[in-house]
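User: I'd like to go through this structure with you. Could we take it one question at a time?

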Amino acid sequence: MELDNIIPKNVSKLKSRDAVRLGIQSALSAIATYLILRYFNLPEVFVGILSAVLVIDTSVGNTIGQAKERLISTVIGSVIGFLCVWLLPHGYSTTVSLLISMLVLNGISSFRPEWRYGTVAAVALSLGSENDALSTSLDRIIAIAIGVAIGIVITLIIWPDKAENRALRFARKALDAACNRFEKAIDNTLKKENESNEKVSNEFHSNLNAAKSSVKSAKFTDTQDLEKIVLDIEKLYNSILIINRVAERSSQDINDDNSGIKEDSEDIKDQACKLMRSLAKKEKINKDRIQQFEESVKRAQKEVNISDDKDINTRRQTFIFGITEVRKSLFSLIECFQETNK
């Protein structure tokens, strides 16, 4: 069976890449954990392998961040499981241990999803030997700790993907979607019937949210520049929405022959989109292109005609305001990307 027939066509390259990387890292973590536990003749191989696989996440930062929460939840689950097995009368410990540990950990996980991982340790210890609870608990805690450690190491050395790099990739995808939305917004000011933006909007928000999540997961690095890039992209998109809403509410064309800015609008659209796509593709932008875009915006500000119709005049001025906000956000983005050099 061909790979193209397995992976749906609507799955992005980034998601396909994540799937392959997670598969490889999980497989290697499982094998490494099995071999190490067997080499040192340690019991609880199943629990160790499960821990090694579940600790792996989409990025190095995510894995390390999740590991901390999961280790804490493992300790909590281990303590609950051990105390129940050790303190309760024979025949009741397993049932009560499972009841209490699942109640506590899954209740907390509704607020902190990472804590659901602690159920692995809790279940493992709850089903442990009632005659030797301490020995069973220690064996399983050791296996879990080894599995978690191996999972982290594999993430660090095998096809590592830093959270900051993921943030930039998703930010560029969001910027590309914003560019498509900008093109449609300008085009819609020239048409009686607006084209749908739902698909582009969903693409933008999906990538922007992924970028925000990746920034939060970044470890051992200053995320100030990344946060600024994500914020500027969001501001850029909101500026584009101003233009889009003008087009949606316009009963007459904003950029008709009487507006005085029909050609200016086309120039602004072309130049702005070229700048956005250059940023999305990691291409260098020279000062001449920036200056040319600046001049086009200023020309539109000067040449827009004042209409006798109050509503049309308001829409034209709102349109110009949206264009100037796009310029402001785009210039800030160019500066941020140049500072990161990525």
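User: Is Arg 299 buried, partly exposed or exposed?
Analyst: Buried means under 20% relative accessible area, exposed means over 50%, and partly exposed lies in between (1.4 Å probe, protein chains only). The relative accessibility of Arg 299 is 30%. So Arg 299 counts as partly exposed.

User: What kind of model is this, and how are residues numbered?
Analyst: This is a predicted model, where local features need pLDDT of at least 70, side-chain atom pairs count only at pLDDT 80 or more, and totals for chains, interfaces and linings use all residues. Side-chain values use heavy atoms, leaving out hydrogens and water, and residues are numbered from 1 along each chain as its sequence is written.

User: Which residue forms a salt bridge with Arg 299?
Analyst: A salt bridge needs a side-chain nitrogen of Lys or Arg within 4 Å of a carboxyl oxygen of Asp or Glu. For Arg 299, the closest N and O atoms of the pair are 3.9 Å apart. The partner is Asp 267.

User: In which helix does Asp 267 lie?
Analyst: Helices are DSSP runs (H or I, at least four residues), numbered from the N terminus. The pair links distant parts of the chain, 32 residues apart. Arg 299 is in helix H12, and Asp 267 is in helix H11.

User: Is Glu 294 buried or exposed?
Analyst: Glu 294 forms a salt bridge with Lys 298 at 3.4 Å, N to O. Lys 298 is partly exposed, at 41% relative accessible area. Glu 294 has a relative accessible area of 14%, so Glu 294 is buried.

Key. Helices (H or I, at least four residues) and strands (E, at least two) are DSSP runs, numbered from the N terminus.
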